[in-house]
Every structure is written in C-alpha cells, then in structure tokens.
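Please keep the viewer open as you read.

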Amino acid sequence: MMVFRSSAAICGALVALAVSVTVARCETSGVHSSAVVDAASGDVIVGAASTYNPFKPGKEEGGPRTASGERYDPSVWTAAIKTSLRRKFGGVQFGARPKYALVEAVGKKVIVKINDVGPLRPGRIIDLNERTMRHFDPSMELGVIPDVAVRPLSGDDWTPGPVG
C-alpha cells in the first residue's frame, strides 16, 4: 500500500511539473491556443486600424501617459480603442485594470492590451502602437490596415503578443 501511495505521489508531481512547464512556455512566448482565445472572445468589431505615436518633441520625459495612466511604450503590445467603443473594453480609464483584445488582420492574430483611447479619424476603430503595427505591416508602409477584426477578451490575465 505504501509503494502505491509513493508511486501515485511521484506521478502526480511529474504531471504538475509538466503542466507548469507548458503553461510557463506559453506565457513567456506570448502564444495562446486558438481554442482558448475563441472561447474568451466577445463580439467582433470590424474596421480600419492605424498606428499612432503620441510622442511630441519636448512633451513629457518618459513618454506621454495613456488614458489608463500608463506611459506610452512603442515596444510593447498595446493599442488605443475608438473612444465610442471604450465601454466594450472595460472603460479604459485612469487606474482601472487593463483590458485585452484579439486583433486579426492579414492572416495574423495578436493579443493587445487596450490602455488608451483614440483614433479620431472616421472609419478607424483601433490605433496600434508601433510594435503591434509592425507585426501586421513590417515595413510600416501601409499606414492603415482595412478590415481589421477586434474582439474584446474577457478576464485580465492575458499575455500580449502574437497568437498561433
């Protein structure tokens, strides 16, 4: 009986280790399975995406603050959602927990943290920061990507980055 308990405990520990390594690998690479993303997705909003960079010479040291209170960072996976859609994305307000969205375009998917509001141009539903836009348009020549699908993701434990 004691040998059986020891074997079961060792087997359980190995399974827990394998699961934690798999989860850690997914979190560090920013890759989520499509099934998880699809299960957590909300209503799809389709429109154009553009890029933005709120840096202005002499403005704020360390970058301007976004609507959430965070500093704008062109090297992370973030975006600004159209002001009229901010309710669908948890309000996007100063000090609130960040919300996430799945952005799909040109055969690619990426999870972004929605930490700002904008764009101001008609027909555009989301402004992507530089890193996110380069994922869809590496040369940054397009400027605007039409027919982008954006889905709010429920929960706040997403790892921003490419999916798939």
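Two residues are in contact when they have heavy atoms within 4.5 Å of each other. With that in hand, look at the fold as a whole: among contacts between residues at least 6 apart in sequence, 78% join residues at least 24 apart. Before going further, please note that this is a predicted model, in which local features need pLDDT of at least 70 and side-chain atom pairs count only at pLDDT 80 or more, while totals for chains, interfaces and linings use all residues. Residues are numbered from 1 along each chain as its sequence is written, and side-chain values use heavy atoms, with hydrogens and water left out.

The protein has 164 residues, of which 38% count as buried. Here buried means under 20% relative accessible area, exposed means over 50%, and partly exposed lies in between, with a 1.4 Å probe and protein chains only. The protein exposes about 9,400 Å², and carbon and sulfur atoms supply 58% of that area. Such accessible areas come from the Shrake-Rupley method with a 1.4 Å probe, and for residues only the protein chains shown count as cover.

Now for the charged pairs. There are three salt bridges in the structure, each defined as a side-chain nitrogen of Lys or Arg within 4 Å of a carboxyl oxygen of Asp or Glu. One of them joins Lys-113 and Glu-70, at 2.9 Å from N to O. This pair ties together distant parts of the chain, 43 residues apart: Lys-113 sits in strand E4 (residues 108–117), and Glu-70 in the loop between strand E1 (45–51) and strand E2 (78–81). Lys-113 is buried, at 18% relative accessible area, whereas Glu-70 is partly exposed, at 28%.

Another salt bridge pairs Arg-151 with Glu-104, whose closest N and O atoms are 3.4 Å apart. It too links distant parts of the chain, as Arg-151 belongs to strand E6 (residues 144–153) and Glu-104 to strand E3 (residues 99–105), 47 residues apart. Then there is the bridge between Glu-130 and Arg-134, with an N to O distance of 3.1 Å. Both residues lie in helix H3 (residues 130–136), four residues apart, which is about one turn of the helix. Glu-130 is partly exposed at 28% relative accessible area, and so is Arg-134 at 37%.

Return now to the loop between E1 and E2, where you will also find Thr-66. With a relative accessibility of 7%, Thr-66 counts as buried. Leaving aside residues up to four places away in sequence, Thr-66 touches Arg-71, Tyr-72, Asn-115 and Asp-116. Its C-alpha is 7.8 Å from that of Val-117, although Thr-66 and Val-117 are 51 residues apart in sequence.

Notes: Helices (H or I, at least four residues) and strands (E, at least two) are DSSP runs, numbered from the N terminus.
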